[in-house]
Amino acid sequence: MTIQWFPGHMAKARREVSEKIKYVDIVFELIDARLPLSSRNPMMDQIVQQKPRLILLNKGDLADKEQNQKWQHYFQEKGYHTLVINAQQNKGVNKIVPEAKKALKEKIDRERAKGVKPRAIRAMCIGIPNVGKSTLMNRLVGKKIAQTGNKPGVTKGQQWLRSGTDLELLDTPGILWPKFEDQEIGKKLALTGAIKDQLLHLDDLAIYGLTFFSRFYPERLVERYKLTQEETVLPGAKLLMLISQKRGFKDDYDRASEMIIQEIRSSKLGPYTLDRWEELGVTKDEN
């Protein structure tokens, strides 16, 4: 399966964010906890540069808890402040502002020493599609969005959204899409729903998912599809055919593939992490 997916507005989005980055104190980098590396934009360091960054592993409840802890430690070791959250269920969102203050402690202390009056933290939230950026911003800002007006130097029409008294979010920061040549990353993004299914061969994607679960979570396949332990080690294509037969789809592998993909995405096979810390975290830089 070869996924060709290179949206043309990458340069525009990058330019828009680069123009606005100077107006914020910190960047909230939102990534999918199931894909701690694959859901990161490869140009992130170039865009954010030396701006303080808080990495938010969103959809933490959908990911392997043990892997969450390892990835959180991995990013912390690289000097990033990091939280595992679930914006959809509003879990961990209340920790974001306190953690942002920790990340900005030196700056806040310097301003306090100079007698500068404390103000709300100004932040920008960045993330690839389907990672939950809009949901998080809605959680932070709330239903009643208070626009504080344009700040000096900000392009006309760009509004700041207030979250309580301690945080202001810059809206319309632009959407950053991943540009990948690595087909493995494409498959991972596709399996979690970050790429439209119309771009894929569903049987290839289902086989990829089954092969992954066979390797890391074989007991889930035994429980969900009533397989024996021996059957879980079958090659992916044979595993797909077997599950298709057991579910009564016979030779309708497209229907079986769609079912398997949806069950993986909806956590019917339990929480999982496609980017394995033990395979990627210690051998591959996050960018």
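Buried means under 20% relative accessible area, exposed means over 50%, and partly exposed lies in between, with a 1.4 Å probe and protein chains only. I applied this scale to each residue named below.

**Entry 1: the model.** I note that this is a predicted model, in which local features need pLDDT of at least 70, side-chain atom pairs count only at pLDDT 80 or more, and totals for chains, interfaces and linings use all residues. Residues are numbered from 1 along each chain as its sequence is written, and side-chain values use heavy atoms, with hydrogens and water left out.

**Entry 2: the chain as a whole.** I looked up the secondary structure and found 12 helices and 7 strands in the protein chain. Helices (H or I, at least four residues) and strands (E, at least two) are DSSP runs, numbered from the N terminus. Of the 287 residues in the protein chain, 48% are buried. The chain exposes about 14,500 Å², of which carbon and sulfur atoms supply 49%; accessible areas come from the Shrake-Rupley method with a 1.4 Å probe, and for residues only the protein chains shown count as cover. I then turned to contacts (heavy atoms within 4.5 Å). Among those between residues at least 6 apart in sequence, 72% join residues at least 24 apart.

**Entry 3: salt bridges.** I searched the whole structure for salt bridges (a side-chain nitrogen of Lys or Arg within 4 Å of a carboxyl oxygen of Asp or Glu). The search finds 21 of them.

**Entry 4: Glu-29 and Arg-40.** I recorded a salt bridge between Glu-29 and Arg-40, with the closest N and O atoms 2.7 Å apart. Glu-29 sits in strand β1 (residues 26-32) and Arg-40 in the loop between β1 and α2 (44-48), so the pair links distant parts of the chain, 11 residues apart. Both Glu-29 and Arg-40 are buried.

**Entry 5: Glu-263 and Arg-224.** I found the closest N and O atoms of this salt bridge to be 3.0 Å apart. Glu-263 belongs to helix α11 (residues 253-265) and Arg-224 to helix α9 (residues 218-225), so the pair ties together parts that are 39 residues apart in sequence. Glu-263 counts as buried because its relative accessibility is 8%, whereas Arg-224, at 29%, counts as partly exposed.

**Entry 6: Glu-278 and Arg-276.** I noted a salt bridge here too, with the closest N and O atoms 3.4 Å apart. Glu-278 is partly exposed because its relative accessible area is 36%; Arg-276 is buried, at 7%.

**Entry 7: a network.** I also found Asp-25, Lys-107, Glu-111 and Arg-119 joined into one network by salt bridges that share partners.
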